[in-house]
Amino acid sequence: MRTVPSPRSLASVGEPLHFDVERVRQDFPILSQEVHGKPLVYLDNAASAQKPRAVIEAIARFDSHDYANVHRGVHTLSERATLAFEGAREAVQRFINAAEPREIIFVRGTTEAINLVARSYGAAALSRGDEVVISAMEHHSNIVPWQMVCQERGATLRVIPMNDDGELMLEEYEALLGPRTKLVSVVHLSNALGTINPVRDMVQLAHARGIPVLVDGAQAVPHLGVDVAELGCDFYAFSGHKLYGPSGIGVLYGRAELLEKMPPYQGGGEMISVVTFEKTFYKEIPYKFEAGTPNITGAVGLGAAIKYLQGLGLSAVAEHEADLLAYATRRLAEIPQIRILGTARNKASVLSFVVEGVHPHDVGTILDRHGIAIRTGHHCAQPVMQRFEIPATARASFGMYNTRAEIDSLIEAVHRVIEVFR
Amino acid sequence: VSSELRDLYQDVIIEHSKRPRNFRRLDGGARHADGYNPLCGDKVTVYVDEKDGVLRDVSFEGSGCAISTASASVMTEVLKGLSRREAEQLFERFHSLVTGREPEGGQMNHLGKLAVFAGVSEFPARVKCAVLAWHALQAALKGEEDMVSTE
């Protein structure tokens, strides 16, 4: 059950000797409050993580001193803002080990990153009868954009099945890859089940047939050491707000060679070099894909979040979270009325469960009155719910600042749920 | 467990959620409509057999949380035999109750069995659960057989 990311991917991050969770908690002002008279226990990190003071202050400092539009003016503030914005791009590049900063495109979030590839790459590459392969555990944001573009182009969406543990069936995956397959788009770490998919192997299988691969890394990036060079993927998408940074900013990594061939996603300012009414020449990547004024402050906040995470050491964070997941899984499994959804061998950060005879929505309400924030519902992954024939689950998802004591509170509150419905 | 939770999850509500009344489809010319809450996946189909302006029978099917299931169950019980106008007035009073607004003319005591849902008003996120079946009922009465969504 314990899953620590591969050592190679973390080698560049550094290994502090000790992870002091109490000290980390001090960095997150929002955590020191009570909800309904109980200490807040925030276990909804897969939906959105909280921000450390380092991020909150970086945003305030930038907006108070350096803010202006980027790449526009010759004045001092515009230069400072441009430096900060491009500095954030370089921080992202190093963080995921991309070859060049121009392979990092700033977008609103994972959803927009996937839509960008579906619109730009998908529309150019897909013809009638072609196929796009996704998996049975995708978030709606890695289903709907492909359905839309497939419908437009007369292409077909194929789905890699999963087994009862919530693991993708790799033989079936390989069988799906054929001459009409134009792209594979697969989640790295499932938001509904916690499964870590063997993305590197999946990329190799696709590349052996000349098929590019997009990886949805929204959940993986905060919890695993992501190294796009090691994974070998062609596109990698993630969001700032799950990485202890702001919402409204996210990243699409794309291999330069592919990005250069792709048509722009949106037209407007920033993405052009020359415009006449007859014809427009586009800028080089990444600007070709960044039409309009970007979320400048958001990018600066994301850069600060990455710096904060690197300061703690991602391997130490991953190890702490693996301990929390193993502990919570063991404690929950001791309760006879609990069924855990997602029992893959490789898991991280996410624990989905149902309480026998109690709808997850009621579980969520009762837990909230005990100060515990979890997510209940379909987690924007309705096909996953259909696969397990349940309407919804309760989901506890862990972050760097959670503790074993908080999991004890969760278990205690789950017993209260059972008591109410006895 | 806090008193607010006890107020929300009263024994009557838990009991109705576990053994819902009139949990069946109505055939033979009864009208029906679906209610759906995309946030939590609650789905309910309400059937109503109305003749000469009187609700002769009301039933439901579906799956949902304790609040939405119990609300649908109690609704089917209290509506039987009422006129359409009375049913609409009752929904108005019920809506005031679960949203914590004072009903006009102090009609709280005309709620009968529905009064067990008073605790919902302390849980704004759960109001949609309590009114889902009622919205489906309204749609069925109006002959709108498309799905009613809370969003």
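The model is a predicted one.

Start with the sheet. Chain A holds an open sheet of seven strands, laid out in the order E4-E10-E9-E8-E7-E5-E6, and the pairing is mixed. Strands E4 (104-107) and E6 (156-160) sit at the edges with a single partner strand each, so one side of each has no neighbour in the sheet. From one strand to the next, the twist averages 20 degrees. Further in, E5 (residues 131-135) and E7 (residues 181-187) of chain A run parallel and are joined by three bridges; A:Val132, for instance, has A:Leu183 in E7(A) as its bridge partner.

Helices lie across this sheet too. Helix H4 of chain A (residues 76-96) lies across E4, E9 (235-239) and E10 (250-254), and runs at about 120 degrees to E4(A). Helix H8 of chain A (residues 199-207) lies across E6, E7 and E8 (213-216), at about 160 degrees to E8(A).

Now for the interface. Here 22 residues of chain B are in contact with 17 of chain A, and the two chains bury about 1600 Å² between them, with 55% of that on carbon and sulfur atoms. Three salt bridges are counted between the chains, and B:Glu4 and A:Arg369 meet through their side chains in a salt bridge at 2.2 Å, N to O. Polar contacts across the interface come to 10 residue pairs, both residues being at pLDDT 80 or more. On the chain B side, helices H1 (3-8), H2 (11-18) and H3 (66-79) each supply at least two of the touching residues, and H1(B) gives the largest share, four residues. By type, the chain B side divides into 14 nonpolar, two polar and six charged residues.

Methods:
Residues numbered from 1 in each chain as written. Chains lettered and ligands numbered in written order. Predicted model: local features only at pLDDT ≥ 70, side-chain atom pairs only at ≥ 80, totals over all residues. Heavy atoms only, no water. Pairing = 2+ DSSP bridges. Axes fitted to C-alpha atoms, helices over the stretch in contact; angles between N-to-C directions. Contact = heavy atoms within 4.5 Å. Buried area = accessible area lost by both parts, 1.4 Å probe. Salt bridge = Lys/Arg side-chain N within 4 Å of Asp/Glu carboxyl O. Polar contact = N/O pair within 3.5 Å; in protein donor to acceptor, adjacent residues only side chain to side chain. Nonpolar A, V, L, I, M, F, W, Y, C, P; charged D, E, K, R; others polar.
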